[in-house]
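Trainee: Hi! Could you walk me through this one?
Mentor: Happy to. Let me put it up.

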Amino acid sequence: MSTAVWPPIDPAQLADEQAKSQARELEWLLSELRESLQSLKAGLEECAALLAPTETGSTLVLSSVRSESLKGLVTRVGTRIVKGNVKLRLASLPPPRGASSYDLTIATGPEAPDLVIKQLTSVKNSINNSLDVIDVTTWTGDAKNAHFIAGQLQLLTDNMQEARQALKGYSDVQMPWWEDPIDERTFEPPLPPNVSFHLSIFDAALLLEIRTLEIHNPDEGLSMTGFNFRDRLAVALGASRQPVHDEADRTFTYKGQEVRVKEKIRIESQDPALMSVMAKLSALDHSLMMNQKALNIVMGREE
């Protein structure tokens, strides 16, 4: 099926009318985008408020599944963990005499280092950058210049994608645990040198990974199952065998030393505020994508 103009008009006149129609449509769309940007700004401000420090903060429960290996609480205020206590019951980390667990308590003194979750800092910065882009687009840019608006929408997309990736746990901001050791003074008493404490964000949840470490001696050799001769001898004499985990056969360079992971615990704690931020960013990103698509079509850009 085809369409035609009747009565027929001159091709040059037809092209001119089509150009005028496209210009009117583009002018209307740019006007609508100004309203869409204000709605987008309101949504981003809600996300920023959810990440902002509050007086009480968010208290999150940490608990290992089907075991008493780890129990604890931490309090998040903005991008920082301001207090917390974790009780560990691990075969490779004997508790102090008279205690039933090994306690890790986050120091709260004035000299204690801040325990900052870098991914949340990245999310906060990306949201603030997005708000700045909207302000520039609204108040200082040429709102009738389609190419300028298209460029600003792409900047918004890039910043919002960075924020979402950081919340999902796939951001380059978060380094692997062996490259990002925590300051021992973050805890009171200080963290033992053979313990790695690593906090990050994964799928908008707080992820805690605790590892007990031992110096790797390549001369000892490793068995097929990742245990050296000493470990196998201890098991043969009746000692309990250390649980196998996904890093049992690997070595890591941690604080300048080659180490192996004896035991590993991985705990996720759902954070309602972060889950809400993730949901809002996903909805805002979808709306932004539709606006970009509409603008590209009217501008005649290829998909």
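Mentor: One term before we start: a salt bridge here is a side-chain nitrogen of Lys or Arg within 4 Å of a carboxyl oxygen of Asp or Glu. And keep in mind that this is a predicted model.

Trainee: Thanks. How far apart are the closest N and O atoms of R211 and E247?
Mentor: They are 2.8 Å apart, and the two residues form a salt bridge. R211 belongs to strand β7 (residues 205-215), while E247 sits in the loop between α4 (229-236) and β8 (251-254), so the pair ties together parts that are 36 residues apart in sequence.

Trainee: Are R211 and E247 buried or exposed?
Mentor: R211 is buried, and E247 is buried too.

Trainee: Which residues are linked with them in a network?
Mentor: The salt-bridge network links E209, R211, E247, K264, R266 and E268.

Trainee: How many salt bridges does the structure hold?
Mentor: There are 15. One of them joins the side chains of D114 and R80, at 3.6 Å from N to O. D114 is in the loop between β4 (102-105) and β5 (115-116) and R80 is in strand β3, so this contact connects parts that lie 34 residues apart in sequence.

Trainee: How accessible is D114?
Mentor: Its relative accessible area is 56%, so D114 is exposed. R80 has 32%, so R80 counts as partly exposed.

Trainee: What about D180 and K118?
Mentor: Their side chains also meet in a salt bridge, 3.3 Å from N to O. D180 lies in the loop between α3 and β6 (195-202) and K118 in helix α2 (residues 118-140), so the pair ties together parts that are 62 residues apart in sequence.

Trainee: Is D180 buried or exposed?
Mentor: With a relative accessible area of 18%, D180 is buried, because the cut-off for buried is under 20%. K118, at 34%, is partly exposed.

Trainee: OK, switching to strands. Why is β2 described as largely enclosed?
Mentor: Six of the eight residues of β2 (residues 70-77) are buried, so the rest of the structure largely encloses the strand.

Trainee: Which strands does β2 pair with?
Mentor: Strand β1 (residues 58-63) pairs with β2 in the antiparallel sense, over six bridges. Strand β3 (residues 80-88) is also antiparallel to β2, and eight bridges join the two.

Trainee: Nice. Now helices: at what angle do α3 and α5 pack?
Mentor: Helix α3 (residues 146-168) and helix α5 (residues 272-299) pack at about 155°, and their axes are 10 Å apart. That angle makes α3 roughly antiparallel to α5.

Trainee: What classes of residue make up the contact of α3 with α5?
Mentor: By class, 16 are nonpolar, six polar and three charged.

Trainee: Is the crossing left-handed or right-handed?
Mentor: α3 passes α5 in a left-handed crossing.

Note on methods:
Residues are numbered from 1 along each chain as its sequence is written. This is a predicted model: local features need pLDDT of at least 70, side-chain atom pairs count only at pLDDT 80 or more; totals for chains, interfaces and linings use all residues. Side-chain values use heavy atoms; hydrogens and water are left out. Buried means under 20% relative accessible area, exposed over 50%, partly exposed in between (1.4 Å probe, protein chains only). Helices (H or I, at least four residues) and strands (E, at least two) are DSSP runs, numbered from the N terminus. Two strands pair if DSSP finds at least two bridges between them. Axes are lines fitted to C-alpha atoms, for helices over the stretch in contact, and angles run from 0 to 180 degrees between N-to-C directions. Angles under 35 degrees count as roughly parallel, over 145 as roughly antiparallel, 65 to 115 as roughly perpendicular and the rest as oblique. A crossing is left-handed if the near helix is turned anticlockwise from the far one by less than a right angle, and right-handed if clockwise. Ala, Val, Leu, Ile, Met, Phe, Trp, Tyr, Cys and Pro count as nonpolar, Asp, Glu, Lys and Arg as charged, and the others, Gly among them, as polar.
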